[in-house]
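Me: I would like to go through this model and ask what stands behind each label. Please set the values against the cut-offs.

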Amino acid sequence: MSNPKKISIFDNNNMIKQFSKTNYHSICDELASADPDFQKIINDHGYPPFWSRPNSFESLVHIILEQQVSLASALSALNKLKERVQELTPARVLLLTDEEMRACYVSRQKNSYIKYLAEALLSGQLKLEEFHDLPDDKIRTQLTALKGIGNWTADVYLMFALQRADIFPIGDLAAVNALKRVKQLPAPTTPEEMLAIIAQWQPYRTIAAMLLWHYYLSAPAPPTP
């Protein structure tokens, strides 16, 4: 297992660390220069896509739908919802009955999460437009205060919708499994040991996760016998 050098490019006093299309590949290169495993991913599979989503109600609904199901299933439910209401807004979602939500492949539990979110936005409890100027921890606190939104959902939102550069979704099985494969970690590796490896990728843990997702999608694990 290779040991990547710790890199530190951002000023530690900069509370909001973001990336953009402009510097995305250069950040990948910075990580690759410090960690040969990332260099191999880029050599074998190219740069990861620039995955992003708008800072919007629809994006949060999409991520809620992605909880513990396949990406394809979540997208199918999202498209059904959009087909039903035309424009996915908090007010329009609140008009849907439970039966209509079920017809859009939305479970009873996720139905309640989505409607709770819609109510929080309409009441002003949550203001997405203010997120651009807030540090990661304050955004996480606001999001996880809502029913049905945990750390994984907050992580993905910070990464995809707000382009925050130093988030690693330790609760994401694809990212964790890719990490184990890339680093050839033994089965009994503890979360603490994995976090120690991930910490070496600061302040670009988001882009490290995207490289790992890219590897996971580009080089699927062989089926177990």
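Reply: Buried means under 20% relative accessible area, exposed means over 50%, and partly exposed is in between. The model is a predicted one.

Me: Why is Arg 164 called buried?

Reply: The relative accessibility of Arg 164 is 0%. The cut-off for buried is under 20%, so Arg 164 counts as buried.

Me: What makes the pair of Arg 164 and Asp 136 a salt bridge?

Reply: A salt bridge needs a side-chain nitrogen of Lys or Arg within 4 Å of a carboxyl oxygen of Asp or Glu. Between the side chains of Arg 164 and Asp 136 the N to O distance is 2.7 Å, so the pair meets the rule. Arg 164 lies in the loop between helix H9 (151–160) and H10, and Asp 136 in helix H8 (residues 136–144). The two are 28 residues apart, and the pair links distant parts of the chain.

Me: Is Asp 136 buried or exposed?

Reply: Asp 136 has 15% relative accessibility and therefore counts as buried.

Me: What makes Arg 102 and Glu 99 a salt bridge, and where do they lie?

Reply: Their side chains meet at 3.6 Å, N to O, and the limit is within 4 Å. Both residues lie in helix H6 (residues 98–103), three residues apart, which is about one turn of the helix. Arg 102 has 49% relative accessibility, so the label is partly exposed; exposed would need over 50%.

Me: Which parts does the pair of Asp 35 and Lys 183 tie together?

Reply: Asp 35 is in the loop between helix H1 (24–34) and H2, while Lys 183 is in the loop between helix H10 (173–182) and helix H11 (191–199). The pair therefore ties together parts that are 148 residues apart in sequence. Their salt bridge has an N to O distance of 2.8 Å, and both residues are buried. Asp 35 and Lys 183 also belong to a network of salt bridges with Asp 37.

Me: How many salt bridges does this rule give?

Reply: The count is 10 salt bridges.

Me: What makes H3 roughly antiparallel to H7?

Reply: H3 and H7 pack at about 160°, with 10 Å between their axes. Angles over 145 degrees count as roughly antiparallel, so H3 is given that label relative to H7. H3 passes H7 in a right-handed crossing.

Me: Which residues of H3 and H7 meet?

Reply: On the H3 side they are Phe 57, Leu 60, Val 61, Ile 64, Leu 65 and Glu 66. On the H7 side they are Lys 110, Tyr 113, Ile 114, Leu 117, Ala 118 and Leu 121. This contact has 10 nonpolar, no polar and two charged residues.

Me: Is the peptide bond from Gln 202 to Pro 203 cis or trans?

Reply: That bond is cis, with omega near 5°. Pro 203 is in the loop between H11 and H12.

Me: Why is Leu 146 called buried?

Reply: Its relative accessibility is 4%, against a cut-off of under 20%, so Leu 146 counts as buried. Leu 146 is in the loop between H8 and H9 and touches residues including Tyr 116, Leu 117 and Ala 120.

Methods. Residues are numbered from 1 along each chain as its sequence is written. This is a predicted model: local features need pLDDT of at least 70, side-chain atom pairs count only at pLDDT 80 or more; totals for chains, interfaces and linings use all residues. Side-chain values use heavy atoms; hydrogens and water are left out. Helices (H or I, at least four residues) and strands (E, at least two) are DSSP runs, numbered from the N terminus. Buried means under 20% relative accessible area, exposed over 50%, partly exposed in between (1.4 Å probe, protein chains only). Axes are lines fitted to C-alpha atoms, for helices over the stretch in contact, and angles run from 0 to 180 degrees between N-to-C directions. Angles under 35 degrees count as roughly parallel, over 145 as roughly antiparallel, 65 to 115 as roughly perpendicular and the rest as oblique. A crossing is left-handed if the near helix is turned anticlockwise from the far one by less than a right angle, and right-handed if clockwise. Contact means heavy atoms within 4.5 Å. Ala, Val, Leu, Ile, Met, Phe, Trp, Tyr, Cys and Pro count as nonpolar, Asp, Glu, Lys and Arg as charged, and the others, Gly among them, as polar. Lists of a residue's contacts leave out its neighbours within four places in sequence.
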